[in-house]
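These are my notebook entries on a structure I have looked through. I record here what I looked up and what I found.

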Amino acid sequence: MSDPAIIDFAQLQSWLVANPDALEPGLVLHDKVLDLSPGLTVPIYGVDPFGRPCLCMIHPTLDSTVSEKMLEVVSRLQTEGRRFRPLFALPSEPRIFLITSAISSELRHRLDLLAGAFPLRTYVVSDALPGEVTPNLHLEDPVSRRGPHSLLEQLPVSLLARVERLINGAEALQPSILLQGHDWPIIFVNQSGPIAALFADAKGLTFTRPHSSQGNAGLRLENDEVVDSAIDYLMRCQINSEPLAAESVTSG
């Protein structure tokens, strides 16, 4: 791994705005500062397919003040979310995406605790891998969590069969697709990076692909036919080694 100090975090911010699917397929980011109050701002914000605030906090190095700021940001949106309804459909349900270059063991434990209190995903970024031109982003799952498969235990029986079929289909591909995430959504990752995400909410399951939140909320996995469409998309991603356009998958 390259020395994280060579990462240009100013350029990284612009790159993330242009490539939000590198964090989560279906995510939309705006190159705008979110001003929550005097002295409390977030440099990049956007929405997931459900309209929840997705706030990117980019810190080359971490210290205790970063944890304090994340808590303040989440608290402000949870308590005063109605002020931000023009920006977000669900302003009181913020999600934090923390991007850094390294995590100490002390802060790793603190981030683990915070991830149990609100939706938090931490990414460690390093220079591009040999032969690649894009930054290398690695999702750090909290040590105390058991990973994506444990999320299935939370689902009602009526949804479980569809999720298991989708996941079994993804893992049966060669090479198999990696599943990431200690909470929803589950991210599907191949050698090209994140290619899809699976969300669960009170209404059911939603399968999103790169850019699918732009005018398209993704596939609602309502029946086996739609699950087949999602598996077919993953299969073709493996064949092509790159995400397919969202329009290439239909529920009909």
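Entry 1, arginine 76. I began with arginine 76, which lies in helix H2. The model I am working from is a predicted one. Is arginine 76 buried or exposed? I found a relative accessible area of 18% for arginine 76, which falls under the 20% cut-off, so arginine 76 counts as buried. I then looked up what arginine 76 touches, leaving out residues up to four places away in sequence: the list is Leu36, Ser37, Leu40, Gly81 and Arg83. For serine 37 I also noted the separation: arginine 76 and serine 37 are 39 residues apart in sequence, and their C-alpha atoms are 8.7 Å apart in space.

I next looked up the overall make-up. The protein chain has six helices and 13 strands. Of its 252 residues, 51% are buried. I also looked up contacts between residues at least 6 apart in sequence, and 57% of these join residues at least 24 apart.

How do the axes of H2 and H3 cross, and within what distance do they come? I found that they come within 10 Å and cross at roughly 10°. Angles under 35 degrees count as roughly parallel, and H2 and H3 are therefore roughly parallel to each other. On the H2 side, Ser64, Ser67, Met70 and Leu71 take part in the contact, and they meet Leu107, Arg110, Leu111 and Leu114 of H3. Sorted by class, this contact has five nonpolar, two polar and one charged residues.

I turned to H1 (residues 9–18), where the buried residues are Phe9, Leu12, Trp15, Leu16 and Val17. The elements that cover them include strand S1 (28–30), strand S4 (44–47), strand S5 (53–58), S6, S7 and strand S8 (136–140).

How many disulfides does a search of the whole structure find? The search returned zero. Cysteine 56 is in no disulfide, and the nearest cysteine sulfur, that of cysteine 54, is 7.7 Å away. The cut-off for a disulfide is a pair of cysteine sulfur atoms within 2.5 Å. I looked up accessibility as well: cysteine 56 is buried at a relative accessible area of 0%, and cysteine 237 counts as buried at 0% relative accessibility.

The bond from glutamine 174 to proline 175 is cis, with omega near -10°. Proline 175 sits in the loop between helix H5 (157–172) and strand S9 (178–180). Tryptophan 184 and proline 185 are also joined by a cis peptide bond, with omega about 5°. I placed proline 185 in the loop between S9 and strand S10 (186–190).

Note on methods:
Residues numbered from 1 in each chain as written. Predicted model: local features only at pLDDT ≥ 70, side-chain atom pairs only at ≥ 80, totals over all residues. Heavy atoms only, no water. Buried < 20%, exposed > 50% of the residue type's maximum accessible area, 1.4 Å probe, protein only. Axes fitted to C-alpha atoms, helices over the stretch in contact; angles between N-to-C directions. Helix = DSSP H or I, 4+ residues; strand = E, 2+ residues; numbered from the N terminus. Parallel < 35°, antiparallel > 145°, perpendicular 65-115°, else oblique. Contact = heavy atoms within 4.5 Å. Nonpolar A, V, L, I, M, F, W, Y, C, P; charged D, E, K, R; others polar.
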